[in-house]
Each structure stands twice: as C-alpha cells, then as structure tokens.
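Thanks for coming, everyone. I'll keep this brisk.

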Amino acid sequence: MITRTEWALAAGLAVIAAGIGLAALRLNPYLYFAGYVILQYVVIATAWNILGGYAGYVNFGTPAFFAMGAYTAVFLIRWVKAPLPVLILAGGLVAALLGLGIGYLTLRLRGTFFSIATLALAVVLQTVMINWEYVGGSRGISVIRPSGPPFGNYVVFLFTVMTALAVLAVLVARFIERSWIGRGLAALRDNEEAAECMGVPTLKLKLFATTVSGFLLGVAGAPFPYYVTFVEPNSAFALDYAVNALAMPMIGGTTSWIGPVIGAVLLATAQQLATVTISSELNLLIVGVVLVLFVVVAPEGILGLVRRVRGR
Amino acid sequence: MAAALLEVDGVVKRFGGFTALNNVTIHVKQGERFGLIGPNGSGKTTLINCVSGSLRVDQGRIRFAGTDVTTLPPHRRTQLGIARSFQIPKPFRSMTVLENLGIPLEYAGHARGHDGAAEAADILREIGLEAKAHLRPAGLTQIEMRKLELARAMAARPKLLISDEAMAGLSSAEVDDILTILFRLNAQGITIIMIEHIMRAVMRFSERIVVLDAGERIAEGTPEEIVRNPAVEKAYLGE
C-alpha cells in the first residue's frame, strides 16, 4: 500500500530527476537562466504562502528574507569561500531567525499593522546592508563562481539546485498543510481568539510558520550571488520579490500547496517571456494587472475557479 | 457539599482608568448550573474573558480544578477543561461544521493522531446539527450557529462550559431547544456557567445565580432569592 506522502516524495524525486535530465541536455543557456528564476519564485511563493496563506499573516517583507539569504551567502563566500550547500543552509538559518523575530511581532500586531511592520523591516535591513562595506555596501560586490561546476556551466548547475530546493519547499508546505499544524494555522487564520479558546497554541504555531517561511525564503536567496555574480542592495531587496511573493499565491490560490506553484509558474513564465519579447520593465505591470483582475473576478485564485466550475 | 471547580478570588480588571471588575469573587461547584446575570456593561463578559484567559487579570487569582490558572494562556486553560462559546459566534469560516469540531477535538480533546471524525459526528448528533455536518458556517441559520458554538465548545471535552449569551435573539422555541441541550450536558456531569439576559431561561436553568453591576458583585442566591432581592431590582430598573 503506497501512501499519499510516499507518492508525493516519489513525485518530488521525479521532478528533481527531470531537472537533472534537462540540465544534461545542454539546451540554449537562456532557458536555464529563465528556468532558475521561475523555480526561485516557486520557492518564494510557497514559502510566503506558509505564513500568508495558511496563517493569514500577510508579509510584505519578502525582500528582507530573500536578501538575508543572499547576503549571508556573500558574507560566507568572502569570509571562508564556503561551499554552496553551506551557503544555502546558513542563508536559510539566518532568515529563519529573522522569521522567528517577526513571529513575536504577531503578539501585538495583526492584520495590516503586521504587514506594515514587515515592510519597515525590509527598509531597515536594506539600510543596514547599504552601510556595511564588508558585503559591498551601496556599491555592491562581485562574486566569482567556483570553477569546474557539474554540467560545465554554473547557471545550469544552479538550475538543478533550484529544482531540488523547489521540491523541498513544496514538500514542506504540503506536509504542514495536511498535518495538525496546518489545521491549527487555518483555525487561527479564520479566528485567532476562537482558535486560542479551542486549545490551539496560536503563538507557537505562528512562530513555527514565520520561522519555516523565513527559512525557505532565505534558502531561495542563498544561491542568488552565484547566479547574478554581482550583489547590490537594490537588486537583493527588489520590490519585485514583495509583490510577486504575494501575487503568485493569490493568483494560484492560497489554501493549498499547489496554488502558489501554479501562480509562480504562470506569472514568472509570463514575466520571463515579456522581459525577452517586450521590455524588462513590463514585469511588474503584468503582475499588477493580473492581480487586480484576480482580486475582482476570482478572489480565491485559480484553485477557487476550478472548485467553482466543478460545483464545490 | 461538592468541592469548588472554579474559584475566582478578588479579581480586578481595569481598562485604562475604567474598572470593569472590582474585587469579584465567585466559586462554582463541581456539577453546578450557575447563572451569571447583570445589566449591560456590568462586566459579565469581561469576567468570562478573564476566566477563559483572553484577558489577564490585574489583581486576584483564578483556580480551576485545584490548579492556579491565573497566568496561563487560553489554550492551556481549554486543555485543562474550561471551554466557552462566544456571544457573537466566531466559527472557523473556511471549514465545514464537522471540521470546526475537529480543531478542539485535536487540540484540547486529546484526539490527536486518531480519527476524531466519529467523535465529532457524535457531538453533532447530540446537539442536533448532524444534517449540517458538511456545510460551511456561512450556510447556517442563527440558531444553528449558536449550536455550532456549543458543539465546538463540547468538542474540547470540557469540565466547565461557559455559555455566553447563547440564546440572545432566538425565538422562544429555540431558547427551549438550547436549554434542553444545556440540561442534558449538565446531566452528563459538565459544570455550566450561563450568562444570559433572557430571565426566563436563567431562572429556570440555574441552581445558583450571581448578579454583577458596574463591575461589582451585588447579590448571590437561588433564583427565588434573586428575584426578591431589592438590590437586583434597583440595578436593573433604577430607583
């Protein structure tokens, strides 16, 4: 008897294998370059949704977590030339600590006030990085990729790494959603006071959600320095991350793990196509228009639409 | 004489300069049907919030089943056996009625790990909501919503059930319906505190009643003693 969890793990491994297979094909390098961004957004949207979708706490500070991952990597590369797995783990842990910190904010701040605080956090951290010379300050810093990567090209290698990270993020989100933790988060999203009075340890669950969400956002940011080879505050803390992290789950549907995946793949692919065919500035315009459209027409995202068509 | 299940001793709760509860003491015995009444704004719901843990008291102590719960967060108190319904129903809107019950069953009713669905279905049958098990709260009527509040509180497997105005706005037949449920729960050994404005219901239900007025306890006694008490009449009707 194969359980659904075993199926999910098998599917995850199949996706990773497919990623490696694609890498071995050595297609047009641009495909891997764009694919990396799409996969990175799968991680970001999935991570955001653990807090924003499951627990209902809207985080506008995604760039802060992503940049924490990226700058932790920059620091470790400059300091000890740490290998990529160490960068990813360390980037995740630093961002997880930051997540734990904003988790305590939920004690006093709810709704919009929490969101504003997370936005402020991103601004504060960006200012810190601008003034920290060791990691490049406002001028930024160049990063030299390690030589002799697998598949002969570092971006292709990073594409496979990001495939694995996306699988990891989705499996974690799926596990949380289907466990007692996910049910408790849904209860506190619906009504925090009632959840608390029904025995749900809301603070503990919120801290768990902010920490795991932070960890995965940091993980998404850690390979970033090797991907772009030049890190500066404006690109690491880009507003795009905040907007996309929120828009992708909203478009896909926030109540299930598959929603952010659908949203990220659709929206990030559209953005990549627009960047090549029309203009790189059109990205955010697309997000804006699509988001407004969805909020009006399908507030529960594509998943909600599918459910409505199937008649509940 | 049964031992006290809930002891609220000298509780003071202030909001800024306003004293919502001033040195309130109530003891509720194991298995008792206890009524808490008072005019609007007298502090009934504040007192319940202090007992359930949504508010922290400024002074005084609250003991439940021999444990000092004064500083415990609400979810710990629920796990110890204090459950409440809300005056304004607060259902989990994204979940079905059955799933609503799953939360307390899993988190407070010690059903974690095994299937709580059968247990939830039993509670719904007892309360008379089994036909609505797979609806979302948005599809419920007022009385069904109140019943869901009670059912969800029951799913926490409480020793003490606090019913905060479960009958406000209901028709006379519906009030009887809720009363029957509460009597039945009490017969199963659950201590019940009823907060209610519908005098007919409180007087019929309670063995003992405490009256609050402007944050102070002004009277205590059997329903017969309370109706004859001049201080209570004054609090409700003025001089």
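**Domains, core and chain contact**

In chain B, 18 residues of domain 1 are in contact with 14 residues of domain 2. One caution at the start: this is a predicted model.

Which elements build the domain 1 side of that contact, giving two or more residues each? They are α1 (44-52), β7 (160-164) and α6 (172-187) of chain B. Of the elements on that side, α6(B) gives the most, with five residues. By class, the domain 1 side has ten nonpolar, four polar and four charged residues.

Let me place the two domains. Domain 1 of chain B runs 1-69 + 161-239, and domain 2 is 82-157. Their centres, taken over C-alpha atoms, are 24 Å apart.

Next, the core. The largest nonpolar core holds 166 residues. Who touches the most other members? Val43(A), Ile44(A), Ala67(A), Ala70(A), Met198(A) and Ala151(B). Helix α6 of chain A, residues 154-178, gives the most to this core, with 14 residues. And where does the core sit relative to the domains of chain B? Domain 1 and domain 2 of chain B both give residues to the core, so it lies between them. As background, nonpolar side chains tend to be buried together in soluble globular proteins.

Take one of those core residues, Ala70(A). Set aside its neighbours within four places in sequence. Ala70(A) is then in contact with Gly221(A), Ala222(A), Phe224(A), Pro225(A), Val231(A) and Ala236(A).

Now over to chain B, for another alanine. Ala235(B) lies in helix α9, residues 230-237. Is Ala235(B) buried or exposed? Buried: 20 other C-beta atoms lie within 10 Å of Ala235(B). The cut-off for buried is 20 or more, so this residue qualifies. Not counting residues up to four places away in sequence, Ala235(B) touches Pro39(B), Val211(B), Asp213(B) and Ile218(B). Here is a distance for scale. Ala235(B) and Glu174(B) are 61 residues apart along the chain, and their C-alpha atoms are separated by 28 Å.

Last stop, the contact between chains. Chain A puts in 18 residues and chain B puts in 22 residues. On the chain A side, the elements giving two or more residues are α7 (180-190) and α8 (192-197). The largest share of that side, six residues, comes from α7(A). By class, the chain A side has nine nonpolar, five polar and four charged residues.

That's the tour. Questions, please.

Definitions and conventions: Residues numbered from 1 in each chain as written. Chains lettered and ligands numbered in written order. Predicted model: local features only at pLDDT ≥ 70, side-chain atom pairs only at ≥ 80, totals over all residues. Contact = placed C-beta atoms within 7 Å. Helix = DSSP H or I, 4+ residues; strand = E, 2+ residues; numbered from the N terminus. Nonpolar A, V, L, I, M, F, W, Y, C, P; charged D, E, K, R; others polar. Buried ≥ 20, exposed ≤ 12 C-beta atoms within 10 Å, placed from the backbone. Core = buried A, V, L, I, M, F, W, Y, C linked by C-beta atoms within 7 Å. Domains from an automatic or database assignment.
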